[in-house]
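Dear colleague,

I am handing over the structure below, and after it I set out what was found in it. Please keep it open beside this message while you read.

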Amino acid sequence: MTTESVRDVAAGRLQSADYLANFADLHAPMTPHEAIVEADRCYFCYDAPCMNACPTTIDIPLFIREIAAGNADGAAKTILSQNIMGGMCARVCPTETLCEEVCVRETAEGKPVRIGELQRYATDHLMERHTAHPFKRAAQTGKRVAVVGAGPAGMACAHRLARFGHDVTIFEARPKAGGLNEYGIAAYKTPGDFAQRELDFILEIGGITVKNETALGRDVTLEALSDEFDAIFLGMGLGGVNDLGLEGDDAEGCIDAVKYIADLRQAKDKAALSIGRRVVVIGGGMTAVDIAIQSRLLGAEDVTICYRRGREAMNASEYEQELAQTNGVTIRPHLMPKLLERGADGAITGIVLEYGEAGPDGKLVGTGETLALPADQVFKAIGQSPVTETLSNAGIELEAHRIKVSDEGRTSHPKIWAGGDCVRRDDDLTVVAVDHGQRAAQSIHAALSR
Amino acid sequence: MGMVDLSSDFCGIKSPNPFWLASAPPTDKAYNVERAFEAGWGGVVWKTLGSEGPPVVNVNGPRYGAIHGADRRLLGLNNIELITDRDLETNLREIAEVKKRWPDRAIVVSIMVPCEEEAWKAILPRVEETGADGIELNFGCPHGMSERGMGSAVGQVPEYIEMVTRWCKTYSSQPVIVKLTPNITDIRKPARAAKAGGADAVSLINTINSITSVNLDFFAPEPTIDGKGSHGGYCGPAVKPIALSMVSEIARDPDTRGLPISGIGGVTTWRDAAEFIALGCGSVQVCTAAMTYGFKIVQEMTAGLAEWMETKGYETLDNFMGLAVPNVTDWQYLNLNYVTKAHIDQDLCIKCGRCHIACEDTSHQAITSMVDGVRHFEVMNEECVGCNLCVEVCPVTDCITMEEMVEGTDPRTGKPIRHDYANWTTHPNNPAAMEAAE
Ligand SMILES: Cc1cc2nc3c(=O)[nH]c(=O)nc-3n(C[C@H](O)[C@H](O)[C@H](O)COP(=O)(O)OP(=O)(O)OC[C@H]3O[C@@H](n4cnc5c(N)ncnc54)[C@H](O)[C@@H]3O)c2cc1C
Ligand SMILES: Cc1cc2nc3c(=O)[nH]c(=O)nc-3n(C[C@H](O)[C@H](O)[C@H](O)COP(=O)(O)O)c2cc1C
Ligand code: SF4
Ligand code: SF4
Ligand code: SF4
């Protein structure tokens, strides 16, 4: 018996109705009744813990009170004034480790106010109904700012700059703007093309030009940008995922999870995506959980996440781990990839992992004991690598392979700011990228106003 | 709960428990009243009857407005309904039939006819013939009927109350309960008038003049009828404090002390009823709670009251009736030497900060928000005046309590705690006290 005969990778594993159901909204939007009932639960805390836990410091008690008082659009303005991507954040924030984790009703009865869903209720309410953009541009300043990357960091920075009256040009490498909102976030968190709808909403402010398929380093240089513009913001995110460092890393069936998700997000017809019957995911973060769940939703029968340390060390929150499990994903901690098994045609047929434990110095060491898992596909989700050569060449200081920035997002170059995943600060989250972008805009505005 | 007896004898009207349905839609006809008795209500006051002839008509648009708390819990109800819009004969026939079928329950008949002796003389014998246990004079309805010189239009003039009560005592041999309107400055005056007219009891409160909300599209009060609205009568949990206060006024007025009182206004649970009884009421009447939840609530009321009486060792209602009356006093007699401080139970505190911001913004800056860089809420005794605001705004029951200082020195005033009693009448800051001393 040859191993090839068992390898089973196929598209169209499900009926078309199943794809629709599987990739529908993770949480159905709140009805007005639900929103009022939930909003009534908020205590309007003083110096609210939830607000302090929000990376963009949205005034949560205020917006919830506005919902309760029947002013959902006002609530949305409260949210958007602090975070122009409040709609996306409402869908993708791991609220269980941010605002909702510290909600006093979590302390009181283990059930936080459902802040994320309320935020979505308010922002949806406004975005579905608004006739005019909720923010006005200040008088044009004549200053021009280049933004590299149209992800959350770049878009948030551009919007804030445009509000201040500056003109912004965004240079985006990909065919579509949005960054990981468009190419990375799990499909069931942002159905209905929300990323592009939100992008259009943000651009309504005016004064922002987006140049897609224009990459820094390929189509434009940092030098040219710094000659032409008064300031530059870098929000390029991260590059491809890290390799496992094993032979077969680029074999058929050993796949970059982020790249696969990008294809999934762009696929008009999810039935066209090929997925294995048995899938192994290597990693312990959001990407690992997302690819595992989405593999299941595409019809994979047997999906296992293997993580090298204990579950408590996983970057994916407890809630996300549970979500994976309720979607039929098995999580196996303390397993380190050791060997990729391949068939005669070179394609992946399985993976051998070694059990690991913390050594005396806390470092991970193998126990020698191994486990072989058959797999039609192995997804790599062990962190993305920064793309920084162009930058260090331009004299921008790096730190642990990412751009070094101050609190307000300044790099070592006086005309260049940076934020989002490409900098060495805080967690890699959409909301954090938004915060970085807005902070940098504030700082750029201060510098340009001098 | 074998030893507790909930039965009540209210100025000669007997009922198996003190819970009566107030005169209102729940008691409008035999169908409702019999369902209420099946559910366990001790008695009813039949929906107010008017004179013979064509009955009043109600609006055909909305009759109710409301105030809601969290989760649309109904806290206050406003209505513009009139007295019964059913024919007098039908009502009288049904009253007689129901009384025959339910001899152990109290049936009191509410009456409102024009302020003329003939009108009362005509209706009273008809009511008596039904075999009902007593009558209640509706001097309370604040809308519609008052425009026709009835209801609160009578209830606001003590002389009319006395006069009509006397007619009733003359033309009827039944117990007469006078139902008072709260839409008056001093509730003792109509109560005294009722007593002077020979009333066997008073009941209160009827509904309070109210506009619950204004429709911001029509710019008209709610409920809006074809673009217009009229004030209505307010009832439900929101009016209980007003009702308790008025009941206490009558209970402790030397002129009316001992006059039986049927307590009405916001009774929703057994506890509300116990409070009214503690203030001297011999029965309680309920309307809004039944209209919100249906008749079954009486089961909670009777069970809860019996349970509480049992734990307290009270065997009959008389055992605790009126026990709170002597403790209702005037502000000037409150003990100024009694010192309390708020105390926060840190194990219960969920750190919402509401106590802090309430005290900080609107009271005495006596609660911390941050201690050594950590979010922490604690009362500073040297600033706390013991006002109780924090207790009321804290979302966690019993998390903040007011603790009496029994010894030492009040760190706020620097004065030693005294165990004697001293009130405003003798306080040095009281100009009247100074004069008296001079
Ligand atoms: C699979 C996956 C799932 C995730 N799920 C969540 C989630 O549920 N919740 C959450 O909060 N966060 C999640 N994250 C993290 C979140 O998406 C990122 O933290 C966030 O998108 C970072 O924003 P950014 O603007 O810094 O970068 P990106 O979103 O990566 O945007 C960078 C943009 O720059 C462009 N670019 C790159 N190089 C160049 C160049 N040389 N020239 C021009 N343009 C360039 C890119 O094409 C891209 O459009 C997830 C990440 C991944 C990978
Ligand atoms: C719709 C409605 C109609 C009422 N009609 C009468 C009435 O006909 N006669 C009367 O004496 N009181 C009437 N009342 C007042 C009630 O009997 C009662 O005094 C008042 O509602 C306060 O009690 P509650 O808070 O339990 O509702 C009415 C109340 C309501 C809500
Ligand atoms: S912590 Fe919870 S209850 Fe307090 S303001 Fe925030 S959402 Fe409301
Ligand atoms: S009792 Fe009053 S003064 Fe004292 S802490 Fe509470 S709110 Fe402040
Ligand atoms: S109001 Fe109550 S729960 Fe909230 S901080 Fe104060 S003591 Fe704690």
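**Cavities, ligands and backbone**

Six cavities of 30 Å³ or more are counted in this model, where a cavity is a set of points, on a 1 Å grid over the protein atoms alone, at which a 1.4 Å probe fits but cannot get out. The largest cavity holds about 130 Å³ of space, a volume being the space filled by probe spheres set on the points, which are joined across faces, edges and corners. Its lining, made of residues with an atom within 4 Å of a point, has 16 members, and those closest to its centre are Cys54(A), Cys93(A), Thr95(A), Cys99(A) and Gln119(A).

Before going further, please note that this is a predicted model, in which local features need pLDDT of at least 70 and side-chain atom pairs count only at pLDDT 80 or more, while totals for chains, interfaces and linings use all residues. Residues are numbered from 1 along each chain as its sequence is written, chains are lettered from A and ligands numbered from 1 in the order in which they are written, and side-chain values use heavy atoms, with hydrogens and water left out.

Helix H6 (86–92) and helix H9 (115–129) of chain A each supply at least two residues of the lining of the largest cavity, and H9(A) gives the most, with three residues; helices (H or I, at least four residues) and strands (E, at least two) are DSSP runs, numbered from the N terminus. By class, this lining has eleven nonpolar, five polar and no charged residues, where Ala, Val, Leu, Ile, Met, Phe, Trp, Tyr, Cys and Pro count as nonpolar, Asp, Glu, Lys and Arg as charged, and the others, Gly among them, as polar.

Ligand 1 has 34 residues around it, of which Val92(A), Glu172(A), Lys189(A), Leu216(A) and Asp421(A) come nearest; a residue is near a molecule if one of its heavy atoms lies within 4 Å of it. An oxygen atom of ligand 1 is 2.8 Å from an N or O atom in the side chain of Lys189(A), and an oxygen atom of the ligand is 3.2 Å from a polar backbone atom of Leu429(A). The protein covers 93% of the 990 Å² of accessible area that ligand 1 has on its own, with areas taken from the Shrake-Rupley method with a 1.4 Å probe.

The shell around ligand 1 divides into 17 nonpolar, eleven polar and six charged residues, and H15(A) gives the most to it, with three residues. Domain 1 (4–23 + 241–380) and domain 3 (144–239 + 386–448) of chain A both give residues to this shell, so ligand 1 lies between them; the domain bounds come from an automatic or database domain assignment.

In chain B, ligand 4 has 13 residues around it, and the nearest are Cys359(B), Cys384(B), Cys387(B), Asn388(B) and Cys390(B). The shell around ligand 4 has ten nonpolar, three polar and no charged residues, whereas the shell around ligand 5 has ten nonpolar, one polar and one charged. Among the residues that surround ligand 5 are Cys349(B), Lys351(B), Cys352(B), Cys355(B) and Cys399(B).

Lastly, the backbone: most residues other than glycine have a negative phi, and most peptide bonds are trans. The peptide bond from Leu204(B) to Ile205(B) is cis, with omega near 10 degrees, and Ile205(B) sits in the loop between strand E10 (201–204) and strand E11 (208–210) of chain B. Another cis peptide bond joins Glu222(B) and Pro223(B), with omega about -5 degrees. In chain A, His401(A) has a positive phi, near 70 degrees, and lies in the loop between strand E15 (398–399) and strand E16 (402–403).

With best wishes

How values were computed: Polar contact = N/O pair within 3.5 Å; in protein donor to acceptor, adjacent residues only side chain to side chain. 1 Å grid on protein atoms, 1.4 Å probe; cavity = no way out; pocket = protein on both sides within 12 Å on 5 of 7 lines; lining within 4 Å.
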